[in-house]
Amino acid sequence: MFKNISHKYKIIILCSIGVAFAGLGLVHYSESPRFCNSCHIMEPYYKAWSTSKHNKVACVECHYPPGSPRTLLWKKFQALSQVAKYVTRTYSSKPFAEIEDTSCLRSGCHSKRLLEGKMVSHKGIKFDHRPHLNEVRRGRQLRCVSCHSQIAIGNHVEVTYETCYLCHFKGRGSGRQLKPLGGCLGCHDLPAKTFRLGNMDYNHKDFVTKQGLSCQNCHLDVVKGEGKAQQDRCFTCHNQPEKIARFNEEAFIHENHVTNHNIACFHCHQDIRHGLTVENEKVIPRLNKPEHQAQEVHSKATALSFDCSFCHTDKHAGQLEMYSGKVAHLGLKETPSPMYLAEVDCVGCHYDEKSVKGEEEFRGKDFTAATEACIKCHGAGFKGIWEETKTELTVTLTAIKEKIKAVKATAKEVPAQKKGDFKEAIKHAERLYGFVYAGHGEHNVYLASLALREADSAANKAAALTDATGADLSDKPLISGSYCATLCHTKVGIRVPPETVKAFGKTMPHGNHAGMMGCVKCHLITGHKEVPLRPDVRKQVCSECHPE
């Protein structure tokens, strides 16, 4: 039959067969890692793959999930599209590829059978794949590459322990309050070796099991970083405003990135490091290394951070809240100090240097508020205002404290059904008293006065439940609201209050009313020069004396 075909057609047939074999060869070559490496942007990925545990597995076996012939055709199309992008120079300089769980869990690779039961990694970490893959962890459905990153320096699709740290430490406290997810011993055992430290022998098990110590009793500097996800990282991948606007939708963000698209956690989150800090600021992981390495780890740990905040926490929290006026948790209106609004920092007033002579080298120095600070900024007319404000605060605080004490003494007289309300009112009064006392009310006299009035009101509420009458503190300037005039205005020559004002279409004898009732009976004093009328002033306050 072949003899009857002309020479011309013989050549065509032979060429067609050659093209077919060449095509098959190219198809086979396109599936090899060398084909991937023919594009220079893939070089770092190829090098990481070539030195990894997966260097016997072709790229396409992982990056394209197993499936039907249609899937194979899709693989070829994807490969050709990558070639087209390379030729037309439309490729990304940092390509991104997803790996489906089905690629990892296929038969012959890491089948589900191999993922059942607990294991210990080569670094001594105890781990169980099953709950991490089959259960929702911290509200996230994890994927294989959530922990086995697609690329790390010198590795490829291998465990990145930073991801473990992010999940187990983020939002779990710090210092002595650190409570890792699963606990320290949930991931690694106590070192069994006895260490020679200085002139003593030390064994972890003796201290932990016999003396009942926890890891945090000794090791408070093993976690560095908070793992925050900052919004500016979104712009690395996205430029659509509608996507950026969903930044705070945590459930959606994690499902869409982690579960649906296998995005590694560290693409969005800052690192959390876990280990010993040594002199050169490197971190030696706290893992169960072989015993011959354990001594080396401990001998290098010569530079603890000695972070004072582990023991001295929130030392000026009250002062900061008083100054900034951010006190919604106390049930008070946000009332910042005028100096806070002017962005005056603490050093504006605290510049008097205090120290113990001869001991500065060891005990350091403090910078306390200077008595001349008010004069320096506001002039000679403000001399003594700070001292008088502190004195007035002390007098009012003492009066509030005694009033609360007297009301508490009547607790036995409270009817059973009202005891809960009584305790709540007393607790609120005591909390507000403590806020002004600890926060040093002179940092923001407007907020201090507001808090003291609320404490006085809470004490009155508690007293009313026993049909008793609490001490009347309405003569105190910080309770009546007249402190603006008595502590400041009269000293700097301001005539306050005016004798008459126009109100409700009438001329009202303002001075008489202020003398009889104080200022806060009618006004909401919310800051400097802010004295709006209370919304109920005419309906309730005025009608008490002037029925309509």
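The model is a prediction, so local features need pLDDT of at least 70 and side-chain atom pairs count only at pLDDT 80 or more, while totals for chains, interfaces and linings use all residues. Residues are numbered from 1 along each chain as its sequence is written, and side-chain values use heavy atoms, with hydrogens and water left out.

Confidence comes up first. On the pLDDT scale (the predictor's confidence in each residue, from 0 to 100), the chain has a mean of 80, and 82% of its residues reach 70 or more. Helices (DSSP runs of H or I, at least four residues) and strands (DSSP runs of E, at least two) are numbered from the N terminus. Helix H13 (residues 291-300) has the lowest confidence in the chain, with a mean of 40, and H19 has the highest, at 96. The pLDDT is below 50 over residues 278-284, a stretch with 17 contacts in the model beyond near neighbours in sequence; contact here means heavy atoms within 4.5 Å. Residues 286-302 also stay under 50, and for them the model has 31 contacts beyond four places in sequence.

Next, the cores. A nonpolar core is a set of buried Ala, Val, Leu, Ile, Met, Phe, Trp, Tyr and Cys residues joined through side-chain atoms within 4.5 Å. For burial, the cut-offs are under 20% relative accessible area for buried, over 50% for exposed, and in between for partly exposed (1.4 Å probe, protein chains only). The largest core holds 39 residues, and Ile400, Phe435, Val436, Leu452 and Tyr483 have the most contacts inside it. At least two residues of this core come from each of H18, H19, helix H20 (445-464), helix H21 (477-480) and helix H22 (483-489). H20 gives the most, with 11 residues. Among the contacts of Leu452, leaving aside neighbours within four places in sequence, are Leu393, Ile400, Val436 and Leu478. A second, separate core has 8 residues, including Tyr161, Phe169, Cys265 and Ile272.

On to the charges. There are 12 salt bridges in the structure, each a side-chain nitrogen of Lys or Arg within 4 Å of a carboxyl oxygen of Asp or Glu. Lys408 and Glu430 form one of them, at 3.0 Å from N to O. This pair ties together distant parts of the chain, with Lys408 in helix H18 (residues 385-408) and Glu430 in helix H19 (residues 419-439), 22 residues apart. Lys408 is partly exposed at 40% relative accessibility, and Glu430 is partly exposed at 34%. Arg140 and Glu250 also meet in a salt bridge (3.7 Å, N to O). Here the partners are 110 residues apart: Arg140 sits in the loop between helix H7 (129-134) and helix H8 (144-147), and Glu250 in helix H12 (residues 250-259). Arg363 pairs with Glu359 at 3.0 Å, N to O; Arg363 is exposed at 59%, and Glu359 is partly exposed at 32%. Glu100, Asp101 and Arg143 are linked in a network of salt bridges.

Asp128, in strand E2 (residues 126-128), is buried yet has no salt bridge, and the nearest side chain of opposite charge, Arg130, is 4.9 Å away. In that count, Lys and Arg are positive and Asp and Glu negative, with His and the chain ends not counted. The Asp128 side chain does reach the backbone nitrogen of Arg130, at 3.1 Å.

How values were computed:
Polar contact = N/O pair within 3.5 Å; in protein donor to acceptor, adjacent residues only side chain to side chain.
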